[in-house]
Amino acid sequence: MYNLSEYAEKDPAILRTFMEQHAFATLIGNDAGGTPVATQVPLLIRQHGDVISLLGHIMRKTDHHKAFEQNPRVLALFTSPHTYVSPSWYSNQRSGGTWNYISVQAHGIMEFTDADTLIEILRDTQNLFENDPASPSVFENLSQEEYVKPLAKAIAGFEIKVTKLDGTFKLSQNRDEASYHNIVAQLKQGHAGARYIAEEMEKRASQLFKNG
């Protein structure tokens with residue numbers, strides 16, 4: 001991760017909100033022999049006091065399940081839409097291009113849950129992302145005997161207690177004000193990822209150039 005002060009976001013509330021908005025994260029780890037594994041999963045973000053926990057589930061007997069049984073240290077990577085930034089948009093156009101993005105890295109230790117907690121994770125995950133209490137697909141409408149119980153046998157629930165949280169919000173903070181605003185204007189005309197980054201840059205412009 002870029003560890004540059006101008007891109008670092010330290011506010012835990014901002015980091016948590018970003019994680020909740022981009023909850024389909026990549027879990028990265030290594031097995032006992034050092035072989036890397038990764039998988040993409042939706043995560044629930046929970047906070048008790050100052051402790052943040054990530055809850056989810058993965059398929060049993062896969063490479064990542066076996067790896068995290070052997071080595072519970074894990075990195076959860078949360079990422080945003082992203083976009084190329086052309087140097088032709090800068091005041092000084094004779095420089096290299098770059099990429100703007102937002103990324104949060106959560107380090108922690110994975111613990112596999114018991115069967116009852118797994119069911120709670122499945123319920124909360126389904127209902128959170130279904131996001132409609134009237135939906136016929138909310139967890140309470142699923143057949144426990146025919147669907148949920150057979151499914152639960154094939155997956156493992158987990159909780160990751162976060163030990164370190166880092167955020168990189170790389171949004172052209174190192175550019176002069178004229179370049180910054182031109183980048184925003186250009187990105188607004190681009191693809192969905194570019195427009196997302198433009199919106200994030202606009203949120204920060206007044207604070208970034210408050211003395212301008």
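The largest pocket in this predicted model is lined by Ser-5, Glu-6, Tyr-7, Ala-8, Glu-9, Phe-169, Gln-173, Tyr-180, Arg-204, Gln-207 and Leu-208. It holds about 200 Å³ of space. Sorted by class, the lining comes out as five nonpolar, three polar and three charged residues. Which helix gives the most to that lining? Helix H6, residues 192–208, with three residues.

Next, helix H5, which covers residues 177–187. I want to look at Leu-187, which belongs to H5. Is Leu-187 buried or exposed? Its relative accessible area is 1%, and buried means under 20%, so Leu-187 counts as buried. Setting aside neighbours within four places in sequence, Leu-187 has contacts with Thr-83, Tyr-84, Trp-89, Ala-194, Arg-195, Ile-197, Ala-198 and Met-201. Take Trp-89 from that list. Trp-89 and Leu-187 are separated by 98 residues in sequence, yet their C-alpha atoms are 9.9 Å apart in space.

Now helix H2, residues 63–70. Which of its residues are buried? They are His-64, His-65, Ala-67 and Phe-68. Looking down the axis of H2, these buried residues fall within an arc of 165°, so they line one face of the helix. What do the buried residues of H2 pack against? The partners are S1, strand S2 (36–42), strand S4 (51–59), S5, S7 and strand S8 (155–170).

Several of those strands also pair with one another. Strand S5, residues 73–79, pairs with strand S1, residues 24–30, in the antiparallel sense over three bridges. Within that pairing, Leu-27 has Ala-76 in S5 as its bridge partner. S5 also pairs with strand S7, residues 98–112, again antiparallel, this time over seven bridges. There, Thr-79 stands opposite Ser-103 in S7.

Last item, the hairpin of S3 and S4. Strand S3, residues 44–48, pairs with S4 in the antiparallel sense over five bridges. Arg-46 is the residue that stands opposite Ser-53 in S4. How many residues lie between the strands of this hairpin? Two, and Gly-49 takes a positive phi near 65° in the hairpin.

To go back over it: the largest pocket takes three of its lining residues from H6, Leu-187 is buried at a relative accessible area of 1%, and the buried residues of H2 line one face of the helix. S5 pairs with S1 and with S7, while S3 pairs with S4.

Definitions and conventions:
Residues are numbered from 1 along each chain as its sequence is written. This is a predicted model: local features need pLDDT of at least 70, side-chain atom pairs count only at pLDDT 80 or more; totals for chains, interfaces and linings use all residues. Side-chain values use heavy atoms; hydrogens and water are left out. On a 1 Å grid over the protein atoms alone, a cavity is a set of points where a 1.4 Å probe fits but cannot get out, and a pocket is an open set with protein on both sides within 12 Å along at least five of seven lines; lining residues have an atom within 4 Å of a point. Grid points are joined across faces, edges and corners, and a volume is the space filled by probe spheres set on the points. Helices (H or I, at least four residues) and strands (E, at least two) are DSSP runs, numbered from the N terminus. Ala, Val, Leu, Ile, Met, Phe, Trp, Tyr, Cys and Pro count as nonpolar, Asp, Glu, Lys and Arg as charged, and the others, Gly among them, as polar. Two strands pair if DSSP finds at least two bridges between them. Buried means under 20% relative accessible area, exposed over 50%, partly exposed in between (1.4 Å probe, protein chains only). Contact means heavy atoms within 4.5 Å. The arc is that of the directions from the helix axis to the C-beta atoms.
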